[in-house]
Amino acid sequence: MSALAEILFGGLFQGSLYAMMAVGLALVWTTIGVFNFSHGVFMMLGAYVAWQLVELGLPAAVAFPVAVVVMAGVGWILQASVVRPLIGRPNIVLVVVITTLAAGSLIENGALTIWGPRSKQIPALIDGNATIGGVGVSLHQIAIIVITPLILAALWMFLNRTRLGLALRAVAQNEDASHLVGLNVTALYGLAFAIAASLAGLAGIFMGGYRFMSPVMGSDPLLKALIVVVFGGISSISGPIFAAYLIGFFEAACSYYFGLYWTPALLFGVLILTLMVRPEGIFASRSRGLA
Amino acid sequence: MTDTTSPITQAHMATATPVAPGRTPWKHEAVGFVLGFAVLALLPLIFGDTYARHILIMAFIYAIVASNWDLSLGYGGVFNFGHLALFGIGVYAYSLLTKLAGLDPWIALLASGVIATLAAIVVTIPILRLKGIYIILVTFGFAQLVMQVILSQSEITGGTQGIVRIPGLYWFDHNMVRDAKSAYFYIALALLVASTLFLRVFVRSRTGASIVALRDNEEYAISRGVSIVRQRMLTLAASAFFTGIAGAFYAAYQRNASIDVFGMSLATIILSMVLLGGTSTIYGAIVASFVLTIFAEWMADFGAWRPMITAVLIIGVMLAYPSGLAGMIKAVWGAVAGRIKRPA
């Protein structure tokens, strides 16, 4: 019983973090058609901005939302400076990889210079621990498990029920037609990046609440988010969300039965198998191209 | 903005994509090749001190890695983001073969190239059916996997500690650190010559032409009987051999191996060498490796600011000249040549 509870809990928790990260990657990919390699750095920066605000004396309830808003601004600026000028160029996918990597390195080294290499920690969402089904868990982790689906549901509502969200999806589906009907495509690109960055920043705040922060804390979650989007299919928003939880459970089960060291290898094995059978991801429809 | 259908953009695309290989007569290229490397071979006459030669040796190693990446990335159009993992596999293969298996360093050097080639073939299997961004994701994952495996097998690989006191190369009874490392300098140069010769012959051959054809018009190339499976595997395997050897040489030269070779920072630097040099040229990547390595040393005084300055410069060049330094030189040359020709 306790084994099952442990895997279930670990899976839900890791899955929540992966989903927050992967959704942002997928959102940028579907709308702009580029891959943002500074996504992991967004996560790190979100955590550090929140830490700095808390350090300045703001209560966490104020500092965390402010940090998320700041991250939206960072996302917008990054998009305007290293992505937008390249749109329309023939080799945009490759060039954006290098510009976002370079921007990520800039931010990472900037954070190292400003905040130093010493590990930091930000306050948990809720202090305290609980025991559920024989497994001891912190209330912070419970809060993440509860809040993440709410945020993802809100995002889904935004993308499917509001005019702005529909405009964003319209750009994702057909950019030329969006231009024709008078949508401000440039602003929508900025919006996609802003949403992605604030989701990543929030994931960083969640992570900084239970683990020590460092300027390189974003690289591992970025890798996991990459695996998630490959697994779930990158051309939709819901695919990566399901995949994130699936991978979370898989990882929890693997590390329970085979140990932490073999988990990445097993994860990659599953990834290769998925790609050989269904290159477009297991939750994606077959209709969309892979280019 | 994104009106890819307009004639201006199409004209831009036509100039940005390099034409089929083998346009320069091979004799002209051979003369340039020999002259260029002769100049490099004479460099120790000017740079006598150990430190300057160390910088040059590192530039040669990076040039091998970057130019081989240009084969898969530029010519093949395969976004292989696991290229640095092949380099890392070379580093660790050499270290383990010489230190644990006690193999002769020169044999281990060759074996590392073969092992990297085999690894490249393995990573090609899952990406055979994929395109563009999916290849980036899988190869990036492959690189991380290799790193995780090395980290987890710490009793063999040293984990985060790395491996120290790796046997170096030897040359009869010559003391390798004497004469300000000139032995290592010439071995590195010889490897760069061999690698560049191999790459240029490869891309000028019919196989090279078919790889470019696959990149530029996959459907048409396949319809003319080019096998995408065979050619893609060949491209990746060909780009891996000298990359693995460069990794082995790096380990032999540094006498230690660390997990840092799999890090994002090295990958970013090497990738920017490929892109700054201008893809699908081989020579561009080599020149950019020299420029960036020497530039990085020149900025050593800036300390922590160095990676940030490098990042800003990479972004600046990529925004201004998307085809890299080669495009920049072409633009400057075009302007100069236009001025000279006009009066006539």
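Why does B:H83 count as buried?

View 1. B:H83 counts as buried because its relative accessibility is 0%, where buried means under 20% relative accessible area with a 1.4 Å probe and protein chains only. B:H83 lies in helix 4 of chain B, residues 83-99, a helix being a DSSP run (H or I) of at least four residues, numbered from the N terminus. Leaving aside residues up to four places away in sequence, B:H83 touches B:V65, B:N68, B:W69, B:S239 and B:T243, with contact meaning heavy atoms within 4.5 Å.

**View 2. The contact between chain B and chain A.** Chain B contributes 42 residues and chain A contributes 50 residues. The buried area, which is the accessible area (1.4 Å probe) that the two parts lose on being put together, summed over both, is about 4300 Å², and carbon and sulfur atoms give 80% of that area. On the side of chain B that touches chain A, the elements that give two or more residues are helix 1 (7-16), helix 5 (105-127), helix 6 (132-152), helix 12 (264-277) and helix 14 (305-320) of chain B. Helix 6 of chain B provides the largest share of that side, 12 residues.

Residues are numbered from 1 along each chain as its sequence is written, and chains are lettered from A and ligands numbered from 1 in the order in which they are written. In this predicted model local features need pLDDT of at least 70, side-chain atom pairs count only at pLDDT 80 or more, and totals for chains, interfaces and linings use all residues, while side-chain values use heavy atoms, with hydrogens and water left out.

Note on methods. Buried < 20%, exposed > 50% of the residue type's maximum accessible area, 1.4 Å probe, protein only.
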